[in-house]
Protein chains: 2
Amino acid sequence: MTQSRCRDNPLNRAVPTDAFIAPDESNKRDIELLFADAWRRVLNHLSKASQRPPMPSAPSTIQMDVMNRDPVPNNVLLDQLESLLLNSMNQANPNYIGHMDPMPTTFSIIGDMAAAGLNNNMLSVEMSPVLTSLENDLMKLMARYFGLEENSGGVLLNGGTLGNLQALAVARNVALDCHKKGVAVGTKSVILTSVDAHVSIQKAAMLLGLGTDSVVSIPVDSHGRMRPEALKLEVNKAQQCGTKVMAIVATAGTTIVGNIDPLVAIAKIAHEHDIWFHVDAAYGGALQFSSCYRTRLVGIEFADSIVFNPQKWLFVSRTCVALMFRNLSVLEDHFQIRAPYMLPSTVPNLGELTVQGTRSTDILKLWLSLSHLGTKGCGTLVEQGCKLASYADNCVRLRPYLQSACTPDTNLLCFSRRLHDGDSDIWNQQLHQYLSEQGFFLSLPTYRGIRWLRMVLLNPYTTQSTVDRLFDAIDIFSGFSTRTSR
Amino acid sequence: MTQSRCRDNPLNRAVPTDAFIAPDESNKRDIELLFADAWRRVLNHLSKASQRPPMPSAPSTIQMDVMNRDPVPNNVLLDQLESLLLNSMNQANPNYIGHMDPMPTTFSIIGDMAAAGLNNNMLSVEMSPVLTSLENDLMKLMARYFGLEENSGGVLLNGGTLGNLQALAVARNVALDCHKKGVAVGTKSVILTSVDAHVSIQKAAMLLGLGTDSVVSIPVDSHGRMRPEALKLEVNKAQQCGTKVMAIVATAGTTIVGNIDPLVAIAKIAHEHDIWFHVDAAYGGALQFSSCYRTRLVGIEFADSIVFNPQKWLFVSRTCVALMFRNLSVLEDHFQIRAPYMLPSTVPNLGELTVQGTRSTDILKLWLSLSHLGTKGCGTLVEQGCKLASYADNCVRLRPYLQSACTPDTNLLCFSRRLHDGDSDIWNQQLHQYLSEQGFFLSLPTYRGIRWLRMVLLNPYTTQSTVDRLFDAIDIFSGFSTRTSR
């Protein structure tokens, strides 16, 4: 029993003495030891990611029949935590190249730890004085970094789905003036987006009272990019029917193939018809940090709103999503619901300006991670991924029995067995299974009606030699050799 | 330079070698030192909370003119982090008794640290195999703990506002069948809730396309509890006008005074008219953990949906909110939007069943905190708060110059100068300022048209002697003495 445990404990005996960090230093030593033990286990686990497969083979969970009445001892709890770690997705393994799920920056972990300890409330300035200012300031800089003008700015949200929801809520309120009266009295309205857009657009339409039928899918070209002439047709058709086009949503980094809609052409159509232009750059927005690749986002600066997820290609731990507006005052004019219990403030109370009220303190880890990497470090990581995807695309081209779904705009590549006769799905599934046995994780989505093996080259420790070993394994599976041709 | 820095670094030189926890242990020692430094600073800060005022006097933020191109050195970054800590709300000080903002459990910090390191994705089973199961299992147990029946269960969301939003989205979809077609073709519909309900009900109505006008406020009694006979009148009125009552929302723990609507009477009215019954128990739900006080929640077991925030009175760090349903299958039947890129699974992909897609991993800290405290420890903390609020209420009663807004149902107490003549607001504001100078933080909301000093007795280190010292200070301010009467 350490010294601190012997002191007076103001907590009732039913509450463990280390339930909280005592504000009078009385249990500091105990907390120190407990946290050191917990962190040692977590760090040991994470730093050995390469020794475990990308996915747990047969995940087993904690058995719970009832909520425990009495406290579980710390060592038992930390043992259980370790077993949860072992049964989790292990995307830090460089052979994990399957989803848009990054390993986190070191400063994400530090930021989340500090944010949890502080437990300030991002609802209002009073409850998070300096952190609200930090969010406000960094979001203004971020919006400018994406080319938005002087009055731009943004908010952080817990996930990209909420980003698209809020962007479309604002677009709807602007188009239909339905903040007070609702949409029941309005005209029929639609959202135009590509057939490859994220499912969160449908979810937003459902939530916003427009219904999923209000999402009209525009066809894409052979590279998965929205066809502007098809968009134009649909806009004209809507106008002829007296249907209001509430918003046009372009995608920069689609879910399956990661490609980018032609932003300039789409912006032009939106501008000509005075339609809200939203860019879902949840994934591809990270290209803005690369001086080589940011040209792929040209046109994003014309957006009325942009969603960008540092939680994806900027490696900030989940959640961390920026929703930016060309003119931040739309939130006060068309979205805000005032909370009577908040004090007035010169800095906005962000809880009044988001679809959420209370949010987690994502600004801390974002600011720490950006500062620690610098925009240059971010750009370098993005370039590494793009180059690796091109390299993998080339590996596919070298193999006549394989085909890519399209030329990659980002760090994603989908490939499959080239169709000669019949069904490639079974072959692709068997290959997926074989690769999994060889310690590689790729995903296996359906796209254009068939299965593809999907690579997301996001892990900074994944190298050309990882990709080489992957394609060697594919060659072995298929009985093909390209060794000489490399 | 430590040994690990000398090894081959697979990262480009533009990226700091400790940007990530290397999966091959190559930078483990560096990370260990960095994290020890960061944690030492955070723990030093938190364990000295009593030495700093509850609120920073003049918070100063980090100056940022541009996003930095080059990495900021670790020691500079950690110094800046420390300055952010010092400029933040300090609710761990036992004299902080102003908002529903708890100091966090120790295991919240451990949970958030581990969750950030793992960075699994609560979107789908594939991306968070064991954590999705854990959430599913614990939410089922929690729903049963609140008295819901066999088919009940729930999901975690990032904040109570989202909880109310999703509950009302489901209620709307059930009532109006508008998932595909939207509400534009439906009949006029309203949400009935008390005038003291949280502003998130208005926000939900706006977002859901019903408009804020669709929220009809039911009057409350002198204790801030919804008047059931007034509710009944409004239901009858709506039916006579052909208006659909989409949901009745009762509050268990209102925002300003913390009181609880008469749940049994309201449930009866909802049941008689076949109306969705939602209970916003964001705050008061914690009473369920106390064998003494859970009777105050009787009737909650009749709810169709319940929001309960462990992030408030269960001391789990933000965010952590449970949304529970009497019958979890309503989510599949009336809410789900299927994501084509998800693998089928026997355990549900929670991203398809929530207003969010990706969410932060709040299940880990919730499970850890509940296990560490036990339901008994949770109940003890809740009882401590309730008793302290009654004690404070008694302190008010002993002083003829003060009045309470109402008898507390939870751990909140609002009081003000008893009105003799003219305006009590100025006196209350001056007292608020004086108490702040004495190192106490109370909030100062407007309620029933006047200002009140509001106590939230949530800090486990706040004791009767804290309350005594507070009222001593109030007596000094007002020139009153009750010393002999105690």
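This is a predicted model: local features need pLDDT of at least 70, side-chain atom pairs count only at pLDDT 80 or more; totals for chains, interfaces and linings use all residues.
View 1. Two copies of a chain are related by a rotation about an axis and a shift along it.

**View 2. Helix α2 of chain A against helix α2 of chain B.** Two packed helices are described by the angle between their axes and the distance between the axes. For helix α2 (residues 28-47) of chain A and helix α2 (residues 28-47) of chain B, the axes come within 11 Å and cross at roughly 150°. With angles over 145 degrees counted as roughly antiparallel, this crossing makes α2(A) roughly antiparallel to α2(B). The crossing of these two helices, α2(A) and α2(B), is right-handed. The residues of α2(A) that meet α2(B) include A:I31, A:F35, A:W39 and A:L43, and those on the side of α2(B) include B:I31, B:F35, B:W39 and B:L43. Also taking part in this contact are A:K28, A:E32, A:N44 and A:S47 from α2(A), with B:K28, B:E32, B:N44 and B:S47 from α2(B).

View 3. In chain A, seven strands form an open sheet of mixed pairing, in the order β1-β7-β6-β5-β4-β2-β3. Strands β1 (153-157) and β3 of chain A stand at the edges with a single partner strand each, so one side of each is left without a neighbour in the sheet. On average, and with direction ignored, neighbouring strands of this sheet are turned by 20° against each other. Helix α5 (residues 129-145) of chain A lies across β1, β6 (305-308) and β7 (321-325) of chain A, and runs at about 115° to β1(A).

**View 4. Strands β2 and β3 of chain A and the crossover between them.** Strand β2 (residues 189-194) of chain A and strand β3 (residues 215-218) of chain A run parallel and are joined by four bridges. Within this pair, A:T193 stands opposite A:S217 in β3(A). From β2(A) the chain crosses to β3(A) through helix α7 (residues 200-207) of chain A, in a β-α-β crossover that is right-handed.

Technical notes
Residues are numbered from 1 along each chain as its sequence is written. Chains are lettered from A and ligands numbered from 1 in the order in which they are written. Side-chain values use heavy atoms; hydrogens and water are left out. Two strands pair if DSSP finds at least two bridges between them. A crossover is right-handed if, with the strands pointing away from the viewer, the path from the first strand over the helix to the second runs clockwise. Axes are lines fitted to C-alpha atoms, for helices over the stretch in contact, and angles run from 0 to 180 degrees between N-to-C directions. Angles under 35 degrees count as roughly parallel, over 145 as roughly antiparallel, 65 to 115 as roughly perpendicular and the rest as oblique. A crossing is left-handed if the near helix is turned anticlockwise from the far one by less than a right angle, and right-handed if clockwise. Contact means heavy atoms within 4.5 Å.
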